[in-house]
Amino acid sequence: MSVVAGSMTLDELCASCAPAALDGLDDATLARFAEAVLAFWPRLEAGRLAVIAAVDARGAYKLDGARDAAAWIAWKAGERRGVARRDVDMATAVAQMPAVSDGLAAGSISKAKAAELARAVEASPEEQQALVDAAKAASVEQVARHIDRWQTEHRPHTEQESVTFAGRRLEATLSTESMAWVRTAVDAAAAQLAPNDLPWPTRQAHGLTAVCRYFVEHADTTQTRGARPTVVVTMDIDTLAARAGGTARLDSGAYLTGDDARRLACDAGVVRLITAGASMPLDLGAKTRTVSPAQARAVIHRDRHCRYEGCTAPPWACEVHHLDFWARDQGATDLANLALICWHHHSFVHRNSTTHDLTDRGDGRLRLQRRRRTEHSDAA
C-alpha cells in the first residue's frame, strides 16, 4: 500500500482506510500511512471551506428555501446547525485570508489552527502571513493564546460573545470580562450547592444550572408570550402517577427520566393536555382565525419543531400556520389544518403562495410545490 495519501483518489483513500485493509499493515507501515492521511486532511478541508464560502456568498442555499447557508449545510450534511454555523463563519473568514487558505491547502496548518487564525480576519496580509508562519510550528493551544493576545491588542472593545445550545451540550465564546463573571458565579455555586463527592466538572455543571434557576425564580423578568419564562415538561398521566420509571419530554425535544419529571412536578403549575380521549376543544372551525393557547400547545406537542423540510428550528422560533389559508381557502382553525413553521419558512411560504402550494411529503415534512395554474391569493 502506498503511504502517500496525496497521490490517491478519494475512493482509493477510503478503501485504504477500511478496517480490513488496515489489519494487513504492520505497526510501522500503519504509522507512516496515518501520518500521510493526517497531512492530507487539511488539504481536503481547504476545499470544503472554499465550497461552503461560495455557497454562502452566492446564496445558493436559497434554491431550497433555507434561511441561510448554515441551515442548508446542516440539512444536507446531517450536521448540527451550531457546527454548520461555525463552519460557515470559518469559511467566510478563511476566504478573506489567503495566507490561511494557502496554509490549509499545503497541509502546513490544521483545521483547528485555521479556526483560531480566522479570529484575526481583520489583520493585514502581512500580519496574517506572520501569524500563519508562527502557527506552523506551534501547538493549537499556543496559537489560540497568540490570537487572544492579538485580539486584545488590536480590537479590545469589539469582542463577540455567542452561546450555542445543542441537545444537552452548551458551547460558549465569551469576552475575557464575561468569562470572569461566569466562572466566578459558576464556581461559587458549584462549591456551595453541589455534592463534594462529585468530580469538579460535574459540580460546575450543577452550579451553572443553579445560577440559571435562581435567575428565573427571583428576577423581575419581562413577560413574553403571556407568561414568565417557563420550563415545559410533557408526560402522560401514568408517568406522573407512577413511583418509578417512565420518560417525559421537554419543549426542546430532549427527554428526561420520569423520576426527574416527577420531581419537577412537585413544585410546578400543571397544564392539562390530553392526547387521547376527551380533551379541551382543539377544533374551532373557520369562525375564528386565532389559534388558542390550547391548540398551540397541542401543535407544539405534536410537531416539536418546524415541519418545513430540512429545518429543525425549535418551538420558540416558530409560529402556527394554517395549511389551507384561513382567508383565501376558508381553512379551518383545526388541529389537522395547523402546522408549526419557523418564522423564516412561514414568510417564505407566504411570499410564494400565489404560485406554490405547501404540501406534505408523506412523512410529515412540508415542502412548496408549484401549482399547475395560478390563482389569486390573500394573505393567510
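Predicted model: local features only at pLDDT ≥ 70, side-chain atom pairs only at ≥ 80, totals over all residues.
The protein chain has 380 residues, of which 32% count as buried. Its secondary structure consists of 16 helices and 9 strands. Among contacts with a separation of 6 or more, 51% join residues 24 or more positions apart.

In soluble globular proteins, nonpolar side chains tend to be buried together. In this model, the largest nonpolar core holds 32 residues. Val-100, Ile-109 and Leu-117 touch the most other members of this core. Seven elements are listed as each giving at least two residues to the core: helices H3 (27-58), H4 (69-77), H5 (81-95), H6 (98-106), H7 (111-117), H8 (125-136) and H9 (140-154). Leaving aside residues up to four places away in sequence, Val-100 touches Val-94, Ile-109, Ala-114, Leu-117 and Val-132. A second core is separate and comprises 18 residues. Among them are Tyr-308, Ala-317, Leu-340 and Ile-341.

The structure contains 1 cavity of 30 Å³ or more. The space in the largest cavity is about 30 Å³. Its lining is formed by Ala-66, Ala-71, Trp-75, Glu-309, Gly-310, Cys-311 and His-345. By class, the lining residues are 4 nonpolar, 2 polar and 1 charged. Glu counts as charged, whereas Gly counts as polar.

Methods:
Residues numbered from 1 in each chain as written. Heavy atoms only, no water. Helix = DSSP H or I, 4+ residues; strand = E, 2+ residues; numbered from the N terminus. Buried < 20%, exposed > 50% of the residue type's maximum accessible area, 1.4 Å probe, protein only. Contact = heavy atoms within 4.5 Å. Core = buried A, V, L, I, M, F, W, Y, C linked by side-chain atoms within 4.5 Å. 1 Å grid on protein atoms, 1.4 Å probe; cavity = no way out; pocket = protein on both sides within 12 Å on 5 of 7 lines; lining within 4 Å. Points joined across faces, edges and corners; volume = space filled by probe spheres on them.
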